[in-house]
Structures are given as structure tokens and as C-alpha cells.
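Opening the notebook for a quick look through this one.

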Amino acid sequence: MASLKEIKGRIHSVKSTQKITSAMKMVSSAKLRKAQKVIENFLPYEQKLNALLQNFLTAQEDDLHPSSWAEERELQRVAVVAFASNSSLCGSFNANVIRKMEQVVDSYRRQLGEEHVLLYPIGKKMQKAAVKKGFAQDARFDGMLDKPSYEGSFELSLELMRMFESGQVDRVEFIYHHFHSRSSQILRHETWLPIALKTSEERLTPTNYLVEPDKQSILDSLIPKALHLKMYAALLDSVASEHAARTIAMQLATDNADELLDELSLQYNKLRQQAITSELLDIVGGSFGMNA
Amino acid sequence: MKLEIITPEQVVFSGDVELVSLPGIEGTFTMLDNHAPIVSALKKGPLRYRKLTGEEVTISVFEGFVEMNNNVASVCVEGVEK
């Protein structure tokens, strides 16, 4: 049985931990709100660009050759971009992405050979996992997560697109969390390049635009923009998911601390009562002895 | 006509304007009210619009597109100079 003093110490330490976790919860929920705001700001651009692309693809005439970005080549080299976070304490967020990354890398290594699989780790936690997996240290993309900007993701997507263009990789895949809601984030594994160009089924009558300079060159520059956009979307999705996961994890920790405190204070009160009772018995017993 | 200037990070401007002049890939051009539907690629350069009050604003934009349809001009650019 622990002594009164020990229990008091534990209560104290649980209380201070609880203060920390609840502060962290508030911080990440503020960050989550900010990340959601960024996503909101980005939606108009995405919708516009997609509508435009859709319009062009539906109206595609025979003289437009399909983009080289959509070309399926024989798979020899593959690059995987995996999004995790810089810090931990966000539940199973990092563990899930890392496990998926390991699965994907392992299966590609068996299929294509060790040196034909490239990994672009985003976030310190992913980097650590990458080094463990035998990839070289690559710390260029840490800053992307702290302050997700279009420019940052643009650089990475530009590099990957160059590699695809020059044939250094034949496929680029993403692994990231999609922010579905505060309490649910869905792990996604998608092919980024070659891009899947799907024309919408319903043949909406495309507006007949005047096109400057010509359809082919518009299409040629629309598709890279759509690619950059997808990279940015994945980054934002992953960042929002991280904050959501951390908010939930910290909420759980705070709730746990509450339960623990209840238990401990019950134990403390019981012990105190016991001590008082035994003292009383001592005194009463002593006085009986004197009277006798 | 309505003008929207949209970047991936924010909506820079949205409102009614009298005219807008854009850095088209083959040269600067200006659009007025009820321009025919058009899609054009834009290059990096200055974008100028005149509000209904007569106030003129110039911002420099990066590469992108403009789409004009139903008297709404949407400028999608990758960023604007801050």
C-alpha cells in the first residue's frame, strides 16, 4: 500500500501532466482551424482549374494528342512521396503512414530491385523511418510542414516532374492522410504520375471558347498546373490530418488523466480516513486502559 | 463584368470591374464587358483592372490562365507578387 505522501505526489504529477496535454490540445486545435482555413482558400482555385481541364478534355478533338504526363510506361523505377509529421504525440498518425510506406517500398523492392525505388520523405518522423529502411538522409522537405506553402510544394513537384520527363522515374506515388473529419483521417495511396485523365461521363456541352494561343498549348500547360495542385492538396490534407490526430490524442490523454485523478483521490481519501480511524482507536483504547 | 483573381493560397480579388487588361502569352490584351467566352494562357506580368469607381489597380501575377464566360472573368494564377 502506498503511503499518503506518495499518493499526494502522484496526484500532483498527474495534474501537471494534464495541464500540459490540455494546453497541447488547444494549440493543435487552433492549428487545425488554421489548416482548414488554408484548405478553404484553396478550393476556389482547384474547382476552377478542374472545371477548365474537364472542359478541355471533354471537348478534346482528334488533333489534340494526349499529354505525355498521362503516358503509362513500362515500370522500371518508382518514386514514393510519403507525408508524415515533424513531431510525435499524434496518436497512430505517423505509425500508420510509416507502416504503409514500408509495405509499398518492400513490395516495389521485390518487384524492381532495391536501387530502383526512390523515397521522398516529408517530415522528420518519416525521415527517420526512411533512414531505417536504408534510404539516404534527405532533410530538404521538413520546412514544408511547418508552414505549408504553394511555393514549397511547387519545388518538389517540379523536381519530380522533371525526373518523370527525363525518364528517371516511370511512376510517382503519394502516401498521405486525407482529412475527412476531425475524428477520422483516411490513409490514401495514390498514383500521381502518370496522371489519370478522366473525362466526365456526362457529356456536358462544353462552352465554345476562343482559345489563345491554341488548344494544345493550353492543355499542355494546364496539366502541369493540375499536377502542382494535387501535390499542394496532398500536403494540405496531410497537415490538417496531423493536427486533427493530435487534437484527438491530446483530448484522450486529458480524459485519461481525469480518470486517473478520480481514482487517486479516492485512494487518498480512503487512506486518510483509515489513518484517522486507527488514531482514534489508539486514543480510545489508551483512555480505557487508564480508567481501568 | 465580374472579375475574380484566384491563387492556390487565397482569393486575391473578387468584384465588379469596368475593364481588365491581362498579360497574355502572346501579348497584353484588354477585356471589356460582355467579352465573348475565352480561355487564354497568361505569362508573368502586370494585371490591371479598373473598378466601377474609376479606381485603377495594378498587381503583378505569375503564370496562369484567364477564363471569361457569362460575363465572369476568372483569373487563375500560381501567385501574385507581394
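My entries follow in the order I looked things up.

Entry: I'm working from a predicted model here.

Entry: How are the axes of α1(A) and α6(A) placed in chain A? I noted helix α1 of chain A as residues 4-58 and helix α6 of chain A as residues 215-291, packed at an angle of about 160° with axes 6 Å apart. Angles over 145 degrees count as roughly antiparallel, so α1(A) is roughly antiparallel to α6(A). I have the α1(A)/α6(A) crossing down as left-handed. Sorting the residues of that contact by class, I get 33 nonpolar, 13 polar and 10 charged.

**Entry: α5 against α6.** Next I took helix α5 of chain A, residues 150-165, which packs on α6(A) at an angle of about 125° with the axes 9 Å apart. That angle makes α5(A) and α6(A) oblique to each other, therefore I filed the pair that way. I wrote down a right-handed crossing for α5(A) and α6(A).

Which residues meet there? From α5(A) I listed A:Y150, A:S153, A:F154, A:L156, A:S157 and A:M161. Across from them in α6(A) I found A:P224, A:L227, A:H228, A:M231, A:Y232 and A:L235. The class count for the contact of α5(A) with α6(A) came out as 9 nonpolar, 3 polar and no charged residues.

**Entry: chain B on chain A.** How many residues touch between the chains? I have 21 residues of chain B in contact with 20 residues of chain A. On the chain B side, the elements that put in two or more residues are β2 (11-24), β4 (38-42), β7 (64-69) and β8 (72-77). I marked β4(B) as giving the most to that side, with 4 residues. By class, I count 11 nonpolar, 7 polar and 3 charged residues on the side of chain B that touches chain A.

Entry: I found strand β5 of chain A, residues 210-212, pairing with β4(B) in the parallel sense over 3 bridges.

Methods: Residues are numbered from 1 along each chain as its sequence is written. Chains are lettered from A and ligands numbered from 1 in the order in which they are written. This is a predicted model: local features need pLDDT of at least 70, side-chain atom pairs count only at pLDDT 80 or more; totals for chains, interfaces and linings use all residues. Axes are lines fitted to C-alpha atoms, for helices over the stretch in contact, and angles run from 0 to 180 degrees between N-to-C directions. Angles under 35 degrees count as roughly parallel, over 145 as roughly antiparallel, 65 to 115 as roughly perpendicular and the rest as oblique. A crossing is left-handed if the near helix is turned anticlockwise from the far one by less than a right angle, and right-handed if clockwise. Ala, Val, Leu, Ile, Met, Phe, Trp, Tyr, Cys and Pro count as nonpolar, Asp, Glu, Lys and Arg as charged, and the others, Gly among them, as polar. Two residues are in contact if their C-beta atoms, placed from the backbone, lie within 7 Å. Two strands pair if DSSP finds at least two bridges between them.
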